[in-house]
Amino acid sequence: MKNFCLLLTLYLFFYALIFTAADTPKARPDSHAPIDVMGDHGHKAGEVMLSYRFMAMDMQGLQSGTTSIETADVLKDFMMAPTAMQMQMHGFGTMFAPHDKLTLMAMMNYRLLRMEMEGAHLHKEGDHGHPVGHHEMSSSGFGDAKLEALLTLWKRPHLILLGNIGVSLPTGSISKNGEEGNLLPYPMQLGSGSFEARPGVTLFGYRQNWSYGGQLRGTFPLHTNSQEYRHGTAMSVTAWGARRFSDWLSLSGRLFFTHWKDISGRNPTLNPLMSPSHRPDWRGGQRLTLAISSNLIVPTGTFAGQRLAVEFQIPLYQNLTGTQLKTTWRLILGWQYAFHL
């Protein structure tokens with residue numbers, strides 16, 4: 001199943017290269033990729049784009065590999081078990097093109113995390129096999145900032161290939177504590193604590209009322225952080241197709257496959273027997289996701305160039321290392337506005 005998902009997504013990525021044969025007018029609503037695809041387009045020299053994204057994600061239920069796990073079974077081996085997690089993120093970005101072939105991008109985000117847990121009694125004898133009620137933990141603050149350069153590697157009237165050269169800065173906290181002063185587990189921290197290289201390549205093309213695209217991205221932590229661990233490398237591949245229905249509206253569908261590795265090392269303050277979320281070697285996995293999205297643009301008038309976008313994502317396949325919460329859905333809303341200085 002893993003190889004099939006990867007081959008399917010790669011096929012769709014290169015499908016865009018074969019079936020593109022029209023120009024790339026900036027006024028089209030589908031001249032940008034779905035809103036959750038970052039670094040998908042460049043700008044003309046002197047052009048600036050401001051953007052805002054809101055993302056909400058929901059995780060419900062435990063899974064090991066591809067098998068669902070009951071909370072009671074987890075509590076036979078751990079003192080706590082996560083049952084649900086929600087994340088909200090406000091993302092702010094700006095792009096500036098000093099040259100037609102070079103666009104610079106900076107992004108910052110503010111995160112709000114909440115995790116629901118079930119606990120187990122601690123007995124002097126025997127195990128601690130039954131839950132004793134509901135417990136919640138939360139954290140909030142700025143996440144890791146990202147800087148990126150987009151280089152035009154190859155361009156034709158109907159097709160463009162961009163190189164993505166990015167770095168993630170460790171601006172997000174990795175020492176957030178709960179209400180009782182205890183250090184929160186890895187998923188509740190706001191950043192990675194490490195500088196990360198983020199290379200990639202993006203393809204974008206058009207054919208009449210259709211547009212196509214694909215992107216390959218990687219994330220590579222460059223060092224162990226101050227808490228003695230390092231996030232695993234991650235790779236993702238995505239492909240999308242969009243249909244323009246008018247000068248202001250387009251709809252699109254997208255598939256993307258992500259593979260990420262476990263954390264190496266561990267924070268010595270976190271007890272790995274507390275909960276599965278405290279296990280650094282249970283943070284990897286693979287996921288294939290289907291996304292449906294829409295782009296809207298104001299083509300003329302006072303608000304010309306303003307864009308609104310929405311994307312809704314549902315996982316089709318998840319294979320998680322160890323026992324982790326599984327993602328149920330993600331929603332992304334966005335606003336973008338480009339103008340010349």
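Q208 sits in the loop that joins β8 (196–207) to β9 (210–221). In this predicted model, the phi of Q208 is positive, near 55°, and the residue is not a glycine. Most residues other than glycine have a negative phi. Q208 is also exposed, because its relative accessible area of 59% is over the 50% cut-off.

E228 is another non-glycine residue with a positive phi, about 75°. Its place is the loop between β9 and β10 (229–230). The table sets out the phi values.

| Residue | Phi |
|---|---|
| Q208 | near 55° |
| E228 | about 75° |

The nonpolar cores come next. In soluble globular proteins, nonpolar side chains tend to be buried together. Here the largest nonpolar core comprises 25 residues. Those with the most contacts inside this core are M55, M85, L113, M115, M137, M188 and L325. At least two core residues come from each of β1 (47–65), β3 (80–99), β4 (102–120) and β15 (306–340). The greatest contribution is that of β3, which supplies five residues.

What is M188 in contact with, once its neighbours within four places in sequence are left aside? The contacts of M188 are M85, L113, R114, M115, M137, S138 and S139. Among these, M85, L113, M115 and M137 also belong to the group with the most contacts inside the largest core, as does M188.

Another core lies apart from the largest one and has 13 residues. M49, M95, L150 and W240 are among the residues of this other core.

Definitions and conventions:
Residues are numbered from 1 along each chain as its sequence is written. This is a predicted model: local features need pLDDT of at least 70, side-chain atom pairs count only at pLDDT 80 or more; totals for chains, interfaces and linings use all residues. Side-chain values use heavy atoms; hydrogens and water are left out. A nonpolar core is a set of buried Ala, Val, Leu, Ile, Met, Phe, Trp, Tyr and Cys residues joined through side-chain atoms within 4.5 Å. Buried means under 20% relative accessible area, exposed over 50%, partly exposed in between (1.4 Å probe, protein chains only). Helices (H or I, at least four residues) and strands (E, at least two) are DSSP runs, numbered from the N terminus. Contact means heavy atoms within 4.5 Å.
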